[in-house]
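The sequence and structure are shown below.

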Amino acid sequence: MLVEDDVTSAVVMAETLQALGCRVTLARSGHAAIAKISEKPPDLVLLDGRMADLDGLGVLRVIRKFDGPRSRVPVVIMTGRADQAFSQLCLGAGADAVLLKPVWRDEMQVLIERYANAKHGHAD
């Protein structure tokens with residue numbers, strides 16, 4: 001699942017993920033992401049750190065409070081904030097990784113291999 005409220009970023013990232021063989025579910029807001037995850041947990045959530053309605057950290061905190069497997073879905077927060085304190089805050093709240101935007105194709109490939117494919121037994 002890609003959670004991104006910026007239209008241009010959402011299109012570019014979705015196309016890149018699809019080119020890497022991913023099926024992409026797009027949520028354009030934090031609240032939409034929570035609703036979709038509560039229905040069916042995705043293999044991986046790529047979560048924009050800054051959104052207008054509910055930021056990535058807020059969404060992450062809600063996800064980690066879910067019951068069952070939904071609470072452990074891998075979450076990667078993507079941010080333009082390069083400060084270490086924000087990254088530590090995200091990791092402390094349960095993020096699996098924090099990436100600095102722009103996120104490059106090779107970084108996405110590594111994430112897919114590490115988190116999404118591992119769930120299906122495809123990664124080392």
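## Strands E1 and E2

Strand E1 (residues 2-3) is joined to E2 by two bridges, and the two strands run parallel. Strands (E, at least two residues) and helices (H or I, at least four) are DSSP runs numbered from the N terminus, and two strands pair if DSSP finds at least two bridges between them. Val3 has Ala27 in E2 as its bridge partner. Ala27 belongs to strand E2 (residues 26-27) and is buried, with a relative accessible area of 1%. Buried means under 20% relative accessible area, exposed over 50%, and partly exposed in between (1.4 Å probe, protein chains only).

The model is predicted: local features need pLDDT of at least 70 and side-chain atom pairs count only at pLDDT 80 or more, while totals for chains, interfaces and linings use all residues. Residues are numbered from 1 along each chain as its sequence is written, and side-chain values use heavy atoms, with hydrogens and water left out.

## Overall fold

The protein chain has five helices and five strands, which follow the pattern β-α-β-α-β-α-β-α-β-α along the sequence. Its radius of gyration is 13 Å, close to the 14 Å that the globule rule gives for 124 residues, so the chain is as compact as a globular protein of that length. The radius is taken over C-alpha atoms, and the globule rule is 2.2 Å times the number of residues to the power 0.38. Along the principal axes, the C-alpha atoms fill a box of roughly 30 × 30 × 25 Å. Of the 124 residues, 44% are buried.

## The sheet and its crossovers

The five strands form an open sheet in the order E2-E1-E3-E4-E5, with parallel pairing. E2 and E5 are at the edges with a single partner strand each, so one side of each has no neighbour in the sheet.

Strand E3 (residues 45-48) runs parallel to E4 and is joined to it by four bridges, with Asp48 opposite Met78 in E4. Between E3 and E4 the chain passes through helix H3 (residues 56-65) in a right-handed β-α-β crossover. Right-handed means that, with the strands pointing away from the viewer, the path from the first strand over the helix to the second runs clockwise. E4 and E5 are also paired in the parallel sense, over four bridges, and Met78 stands opposite Leu99 in E5. The crossover from E4 to E5 goes through helix H4 (residues 84-92) and is right-handed.

## Burial of strand E4

Why is strand E4 largely enclosed by the rest of the structure? Five of the five residues of E4 (residues 75-79) are buried, so the strand is largely enclosed. Val75, Ile77 and Thr79 point one way, whereas Val76 and Met78 point the other way. In a regular strand the side chains alternate between the two faces of the sheet.

## Local features

A cis peptide bond, with omega about 0 degrees, links Lys101 and Pro102. Most peptide bonds are trans. Pro102 is in the loop between strand E5 (97-100) and helix H5 (105-119).

Arg70 lies over the face of Phe66, 4.7 Å from the ring centre; the criterion places NZ of Lys or CZ of Arg within 6 Å of the ring centre and within 35 degrees of the ring normal.

The structure holds zero disulfides, defined as pairs of cysteine sulfur atoms within 2.5 Å. Cys22 is partly exposed at 23% relative accessibility, whereas Cys90 is buried at 0%.
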